[in-house]
Amino acid sequence: MTVQRPIDAAQPGVDAVTTRAPKAVKLENVSVVFGRGEKAVTALAPTTLDLEKGAFLALVGPSGCGKSTILKLVSNLLAPSSGVVIVGGKEAKAKALKVGMAFQNPTMLPWLSIERNVMLPLKIVPPYCHRFRAERKGEFRDRVHALLDKVGLTGFGDHFPWQLSGGMLQRASLCRALIHEPDLLLLDEPFGALDQFTREELWAILQDLYLDRRPSVILVTHDLREAGFLASRICVMSPRPGKIISDRAVDIPRPRDIGLIYQPAFVEMTQELRALIAQVRK
Ligand SMILES: Nc1ncnc2c1ncn2[C@@H]1O[C@H](COP(=O)(O)OP(=O)(O)OP(=O)(O)O)[C@@H](O)[C@H]1O
């Protein structure tokens, strides 16, 4: 596949209808400081950031620049020291949106089969939890197996986590993040521990899953090709204190083919990002 349109930093991302599109997430002048006095660490300097509904944002930057801190704010695992975090039009603590999450370590419960691990959000998240008893052997089970099929795990529903490879567990983890059809997907280096081939395979799978329902996505990654392949927008962050220093669109039509990452315009974009990160790491 060829890149049909230039990668243009001046345009809104391909997944954002316009910059006036409804916002899934808004950070308004949000900062996070850990500790007090001389030991205080500003994990995030006052930051303002909007994520359009259905957009795919990648956060990249050196270690310690505040990427995970932003995910924790949005998922309400962390309260801001100042400013306000709006998710689905309300403060993050109101939990106005259904959220799905996946991390570098898939953290499956070892005593449950893959089917039951993937089904867990349906047991916990309204409105599904009210129907869980009635549906766990019916509609919900079918839904889990349909998703396992999509990620190439057909027939592994009755296996236990220890019977799967790292790549297979990460596929199952994506299923668990998506089973309750979240409006917002938060991904913290989900493919960081995988080999390059498995990783590329999972980029394509994640893209398909994203195109199915178009949730809003925030992906934290150290892999610039992963960011460029998957995202409609890439924010680069710098550390001490954590802040966003660049916010650019990735204006490449979807579905994207993996061959894209070898295209000159794509390589140029990742090299620019790399140079920016190398500067702020010093
Ligand atoms: N609970 C905490 N207490 C004190 N400092 C913290 C805490 N959590 C994070 N920090 C600090 O806040 C800063 C931002 O951390 P954060 O985990 O968001 O960075 P990151 O960009 O996700 O890093 P990495 O890429 O290594 O995962 C770092 O300097 C970190 O040491």
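This is a predicted model: local features need pLDDT of at least 70, side-chain atom pairs count only at pLDDT 80 or more; totals for chains, interfaces and linings use all residues.

Visitor: At what angle do the axes of α2 and α5 cross, and within what distance do they come?

Guide: In general, two packed helices are described by the angle between their axes and the distance between the axes. Here the axes of α2 and α5 cross at roughly 30 degrees and come within 7 Å. The crossing of this pair is right-handed.

Visitor: Which residues make the contact of α2 with α5?

Guide: From α2, the contact uses I114, N117, V118, L120 and P121, and from α5 it uses A172, C175 and R176. By class, six of the residues in this contact are nonpolar, one is polar and one is charged.

Visitor: Which residues of α2 are buried, and against which helices do they pack?

Guide: Helix α2 spans residues 114–124, and its buried residues are I114, E115, N117, V118, M119, P121 and L122. These buried residues pack against α3 (132–135), α4 (139–150) and α5.

Visitor: How does α5 pack with α6?

Guide: Helix α5 (residues 166–178) packs with helix α6 (residues 196–213) at an angle of about 15 degrees, and their axes are 11 Å apart. That angle makes α5 roughly parallel to α6. The crossing of α5 with α6 is right-handed. In this contact, G167, Q170, R171, L174 and L178 of α5 meet T198, L202, I205, L206 and L209 of α6. Six of the contact residues are nonpolar, three are polar and one is charged.

Note on methods. Residues are numbered from 1 along each chain as its sequence is written. Axes are lines fitted to C-alpha atoms, for helices over the stretch in contact, and angles run from 0 to 180 degrees between N-to-C directions. Helices (H or I, at least four residues) and strands (E, at least two) are DSSP runs, numbered from the N terminus. Angles under 35 degrees count as roughly parallel, over 145 as roughly antiparallel, 65 to 115 as roughly perpendicular and the rest as oblique. A crossing is left-handed if the near helix is turned anticlockwise from the far one by less than a right angle, and right-handed if clockwise. Two residues are in contact if their C-beta atoms, placed from the backbone, lie within 7 Å. Ala, Val, Leu, Ile, Met, Phe, Trp, Tyr, Cys and Pro count as nonpolar, Asp, Glu, Lys and Arg as charged, and the others, Gly among them, as polar. A residue is buried if 20 or more other C-beta atoms lie within 10 Å of its own, exposed if 12 or fewer, and partly exposed in between; C-beta atoms are placed from the backbone.
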